[in-house]
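Student: I'd like to learn how to read a protein model. Can we go through one together?

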Amino acid sequence: MGLELRSRPAGVLGLSDILSEQLSRPGPRVVVVDDIESLDRESLSVLDIAQSNARVPLVVTAGREPSPSGSHAVSTMGRWSQATVNLPPLQYEQVNSLINEMLGAPADVEVTAQVLAKSGGVLRLAVRLVETAVLSNRLTLRKGRWRLNGPSLVNEHLLGTLQALMHGLRREEVRALETIAAIGPGSVDRLTALIGNETLDTLEGRGLVSVVQAEDGALLASVFPPLLEDFLKTQVDASRKILRKMLAPSSPSYLHNSAADSQAASALAALRVEIATGQAVEAHVFRSRQRALEDERYGFWETTRSLEDAVGFLQVYWGGPVDRDRARYVFSHTEKTSGDLQDLLLFTMTHAMWLITETGDVSEATALLAQLAASVPTLAPDATAWSVFLEVTYDRVRPDLDSILNFLTQQAPSSDVLAAVKGLVGLYRFNPDEARDAFEPAGETKRFPRFEPLVHGLAMFINGRVDDALSHALAGRKAALRALDQFSVVAHSYVAALSLLHRGLSEEAEYIMGSTFALGRPGFLVDALYNAMLRLASLRDKARARSLGAQAGSSARDVGPLPAAGKGLYDLVTVPVTDLKDFEESANRLIDQQLDHGYIFDAAHTALVSSCFLPATSLLERLRSLLEKRNVAQHDALLQIAKAALDANLPQLEELLAAYTPDGDTYHIGELLRGAAKRHRLAGMHLTSAQIERVLHVFAERFALRNLLSPVENESLRALLTPRENEIALLAGNRSNHEIAQLLGLSVRTIETHISNSLRKTNTASRKQLAVFARGEQPSANKASM
C-alpha cells in the first residue's frame, strides 16, 4: 500500500496501525478497493481493522455473486454497515466519453461500438480493451480520431484478463462455458439438458452467463461478457472439433450470420418480445402523444407568430405526419424580420422541403434558399449546402459537387448542415469513409435534425458490419420512440430493415417496417425512406406487392439516392421473368441509370439483389467492379460461389460451400443458389438446376434457412425422374435391390440401373436420401453429410 514501515513489525497489526494513522490525518479520507474479492485474508484483515479504527468510508467493487476465492471478502464485508449500489452497464455515450478521457482524443464510431459490444458495458473490461488495443497497435490516431487498425480490437494482451474471469471454475464449468459459446445464445432448456441445471445456475451467479427472453417467452442464455464468448468460441473452433460438430447443426439461424455478438442477439431478443405484444397499442400511444405535442407547439406559435416558435412547431413535421393547412398557414404568417438567424435558416430549409413535397419543383426550393443566402451572407454556406443537397437528392449528383463542398467547408468548417450534406452524399456515392468523416468537424446548429445516426448506421452496413448497424439502429429506434422523434424512428427503422433483410430475418424486418407504417406517413425528408421501406416490404410477399408498392407512389423515379428510394428495382423483381436476356438487359439499364445519376449505393444494391434473384455474368461483374472501386470486400465469398453456380461447376461449388464460414452474406448466398437453379431451369438445363437445388437444400439446412426451402423446387426435382424411377426411388430407402425386383417383377440389374440414374439426376449421395427426395421431403444437414 506504499506505506513506510519504519521499525514496526510488518504483520497484520503493524500494517493496520500505519494505515489507521494515515486515515486519521486532517482532511477527508476514503478507502477505495476495486475488486475486493481478489484480496487475500491478511489484506482484508488490515482493511477491516483500519476501517474500524478510523471510521472512514470504504468503497469497494465486487461481482454480483462471490467466486470461491472471494468468500473471505464476503464474510468481512458482512461485518460493515453498507449500502449496495448496482452498477448498470455502460451506454454508448459513456463508452465514447471514456475513450476520449483515456486517450485524449475522440474515437471513431466503429471503435466505440466494438468496445461497447465486446465488453458488454462492463467498465473494467472496456478500460482493459482500450488499453491493450493501443498497446498492440489495434488503434491508430488519424485525422484527430482513434480508428481501427484491423478488423477487431481483440488482441493477445487480453489473455490474462480472460483467464482471470474464469479463475476458480471447475473443469466441468469451463467445459459448460465452451458448450454455450459454441452454440451461441441458446435455449435454457436445451443447455440445462446438456450441462445440468446446477452448473448453469453457478455460471449465471458468477456473471459468466446472461439470460434474455425470446419472443415466444423462451429463455436464451449466452456467455458473458461477449469478449469471453469470442475467446472460448475460438478455442472450440481450433481444438474441440467433436464438440463443434455435435452442436453446430442445432444452432439458431440468426446466429450463423457475421458476428453473433451478444449485443446483436440481445437486441433481436428484445425486438421479438416487442413483436409478441403487437403494434397497435404502441402506435396509438405514440400518435396521440405526438398530436398533443403538435397542438401544444402550434398554440405557442399562434400566440407569438415568432420564428422561434415556428421552428419549434415545424420541427414536428420533419418526421411526423404533416397537417398541410397548418404548415401552409405557418409559412405564410410567421414574422421573419426578427429572431435568431439559426431559426431563420431552419425555417427556410423546412420551407424549401415543403415546396418540393407540395409541387415537386426543386428549382423553386433552391431559389428560396438562394434568396436567403443573398440577403443574409452569414447563412450563405449553410443555405447553399442545403440547396446543393436538394439538387443531389431529387435530381442527380453534380459533376462539380466536390469543388462546391470543399469551398463551403473552407467558409464554414464546423457547420452541422454541411456535415449532414457531406455525410449523406458520401452514402449516395457508396463511400462509407467519406460519410463518417463528414461529421468530424461538425458543430452544434440549434435544433437541426440529427442525420449522424442514419449516416453512421448505413456506413456500417456498407462496410459489412451488419450486426453493429442492426444493434445501433434498434437501440436508436427505441430511444426515438420514447422521445416522440418520428424523424429518427423512420431513419433507424430503415437501417434496421436493411440489416434484418440482409440477414434473412424477414419476419423481424416486416415488423420493424410495419410498426413504422403504423405511425402514419412521415413528413419532409424521411418520407423517401418511408416509401423505400414500403417497397422493401412488398418484395417479401408478392401477393401484397401491388398494394404496398402503390402506397409508395407510382410517380417516383426509377432511381433514388438510397436503396429502394427509386422504384426501378421494385419493378424489376416483382414482374414474372419469362426471358433471361430481357431481365439481364433491364437490370443493366437500371444500374446504368443509377450510375449516371451518381447514386452508386443504389447501383450496388441493385446489382446485389438482381444477381441473387436471377444471377448473370454481366450483373456479377458490375457488382464486383463497384465493390472493388470502394475497397469493399464484404461479398468476396458470394462472388466466388456465384461464379461456380453460374458455370455449373458442381465440384467447385460444393468445395466453396463446405469451406464457407458465415460472413454476413449467408442468406444472400442461399438466395443466389435458388436464383442460379431458377436460371438453369429457365435455360432448359434441368439436371444442373436439380443439382444446384440439391446443394441449396444442404446449405439451407446447415444454416437453418428454412424460408429458402420451396415446395415448388421439390416438385422440379421429382419431375426429373421418370414414373418408374420415382417408384423405385420411393422403395430404395428401406428395401434391397432384390426385394424391389421381386415386388415390381423386374430384374435386379434393371433396378440397379434405375437407382444409379436417379442418384445421378438428383445428385443425392445415398439410397435413403434418394427416397427422402422422392417423397418431397428435405434431408437434414447431418444426413446430407453422411
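Student: How many residues does helix H8 have, and how far does it reach from its first C-alpha to its last?
Tutor: Before that, some ground rules: this is a predicted model, where local features need pLDDT of at least 70, side-chain atom pairs count only at pLDDT 80 or more, and totals for chains, interfaces and linings use all residues. Residues are numbered from 1 along each chain as its sequence is written, and side-chain values use heavy atoms, leaving out hydrogens and water. Helices are DSSP runs (H or I, at least four residues), numbered from the N terminus. The expected span is 1.5 Å times one less than the number of residues. H8 (residues 171-183) has 13 residues and reaches 19 Å, close to the 18 Å expected.

Student: Which residues of H8 are buried?
Tutor: Buried means under 20% relative accessible area, exposed over 50%, and partly exposed in between (1.4 Å probe, protein chains only). In H8 the buried ones are Glu173, Ala176, Leu177, Glu178, Thr179, Ile180, Ala181 and Ile183.

Student: How do I read a salt bridge, and which residue pairs up with Arg326?
Tutor: Look for a side-chain nitrogen of Lys or Arg within 4 Å of a carboxyl oxygen of Asp or Glu. Arg326 forms one with Asp295, their closest N and O atoms being 2.9 Å apart. Arg326 sits in helix H16 (residues 324-333) and Asp295 in helix H14 (residues 280-304), so this pair links parts of the chain 31 residues apart.

Student: Is Arg326 buried or exposed?
Tutor: Arg326 counts as buried because its relative accessibility is 18%.

Student: What about rings: why is the pair Tyr660 and Phe703 called edge-to-face?
Tutor: A pair of aromatic rings is described by the distance of the centres and the angle of the planes. Rings of Phe, Tyr and Trp (its six-membered ring) pair if their centres lie within 6.5 Å; planes under 30 degrees apart are stacked, over 60 edge-to-face, the rest tilted. The structure holds 17 such pairs. For Tyr660 and Phe703, the centres are 5.8 Å apart and the planes are at 85 degrees, so the pair is edge-to-face. Tyr660 is buried, at 4% relative accessibility, and Phe703 is buried too, at 3%.

Student: Which residues form an aromatic cluster?
Tutor: Tyr298, Trp301, Phe313, Tyr317 and Tyr329 form one.

Technical notes: Helix = DSSP H or I, 4+ residues; strand = E, 2+ residues; numbered from the N terminus.
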